[in-house]
Amino acid sequence: MAEIHRVAVVGAGTMGHGIAYVAALSGYSVALTDAQQEALPRAEARIAQLFARGVERGKVTTADRDAAMARLRVSPSMPDAARDADLVVEAIAERLSDKQALLRELEHVVSERTILASNTSSLPIASLGAATRHPGRVIGMHFFNPVPVMRLVEVVRGPETTDTVVQQSCAFAQSLGKTPIVVRDSPGFATSRLGVVLGLEAIRMLEQGVASAEDIDRAMELGYNHPMGPLRLTDLVGLDVRLAIAEHLHATLGDDTYRPPALLRQLVDAGKLGRKSGEGFYRWEDAR
């Protein structure tokens, strides 16, 4: 495997545009693409906001901003964005069949040396790798929201992922200022398996009238020193994403701990997906 210089990000939503931003700011040549063309101008606007906030807060110099923006391009064509990439990070919706189809398509575009990374938070890397001719280069790189702020990257090693790909993926994460942890491919990995338990139990408590959303969150923030309560975090992650992860873990682990609460399904069915829709367990004025 060659060194990573060029990065493609497929999926320009909340996670994708954040990954593209930190990669460009860290010196990589980055191409961002999305099958939904209307997502691209929104992503460009959000990335511009991230640069503006960085400069305003003194964390990014204007020179660094200008250089990073020059390294970042948005393309409506996935083949055009991915063709020369040393690393492709897919950040599309959390559906196994869609991710498998994308990886198969990518194999016809990229070099055999290109690393194919998935930002999945729970889907098996073995199943993603099995959709490709070279599963040794398929790996999980689970970033956290908001990407520019969160320091962790969960590097998930599939059963056929090579040592070199693991090492390069960890080095890439470190170059972004992140701390990687290496996790064996198993349902929910480490973070989703732990985080979903807390999030689902908080939803059940709200459903049962144990306390308000604000007080449940405050209990974890002040009593356990969590920077954010589980219900507010679920709003940021997306209730639909949380539901998909819970359904996957319930199906694969067979444990009722992961059975999605009725309230979660009701809110998703009503289109109340959290911050991105403007309402979830909280109301958000800055809906994305």
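Helix axes here are lines fitted to C-alpha atoms over the stretch in contact, and the angles between them run from 0 to 180 degrees between N-to-C directions. Helices themselves are DSSP runs (H or I, at least four residues), numbered from the N terminus. The model is predicted, with local features needing pLDDT of at least 70, side-chain atom pairs counting only at pLDDT 80 or more, and totals for chains, interfaces and linings using all residues. Residues are numbered from 1 along each chain as its sequence is written, and side-chain values use heavy atoms, leaving out hydrogens and water.

The account begins with helix H11. Its residues are 239-253, and it packs against helix H8 (residues 191-207) at an angle of about 110°, the two axes being 11 Å apart. H8 and H11 are therefore roughly perpendicular to each other, a class that covers 65 to 115 degrees. Their crossing is left-handed, meaning that the near helix is turned anticlockwise from the far one by less than a right angle. On the H8 side, Ser192, Arg193, Gly195, Val196 and Leu200 meet Arg242, Ile245, Ala246, Leu249 and Leu253 of H11, where contact means heavy atoms within 4.5 Å. Six of the residues in this contact of H8 with H11 are nonpolar, two are polar and two are charged. In this scheme Ala, Val, Leu, Ile, Met, Phe, Trp, Tyr, Cys and Pro count as nonpolar, Asp, Glu, Lys and Arg as charged, and the others, Gly among them, as polar.

H11 also packs against helix H12 (residues 262-269), with axes that come within 9 Å and cross at roughly 135°. That angle makes H11 oblique to H12, oblique being what remains once angles under 35 degrees (roughly parallel), over 145 (roughly antiparallel) and the perpendicular range are set aside. H11 passes H12 in a left-handed crossing. Leu239, Asp240, Arg242, Leu243 and Glu247 of H11 meet Leu264, Arg265, Leu267 and Val268 of H12. The contact of H11 with H12 has five nonpolar, no polar and four charged residues.

Thr234 lies in helix H10 (residues 230-237). Leaving aside residues up to four places away in sequence, Thr234 touches Leu239, Arg242 and Phe281. Leu239 and Arg242 are also among the H11 residues that meet H12. Thr234 has a relative accessible area of 0% and is therefore buried, the cut-off being under 20% with a 1.4 Å probe and protein chains only. The side chain of Thr234 reaches the backbone oxygen of Pro230 at 2.7 Å.

Elsewhere, Asp64 sits in helix H3 (residues 62-71). With 43% relative accessibility, Asp64 counts as partly exposed, between the buried limit and the exposed class of over 50%.

Technical notes:
Helices (H or I, at least four residues) and strands (E, at least two) are DSSP runs, numbered from the N terminus. A polar contact is a pair of N or O atoms within 3.5 Å; within protein, one must be able to donate a hydrogen and the other to accept it, and residues adjacent in sequence count only if both atoms are side-chain atoms.
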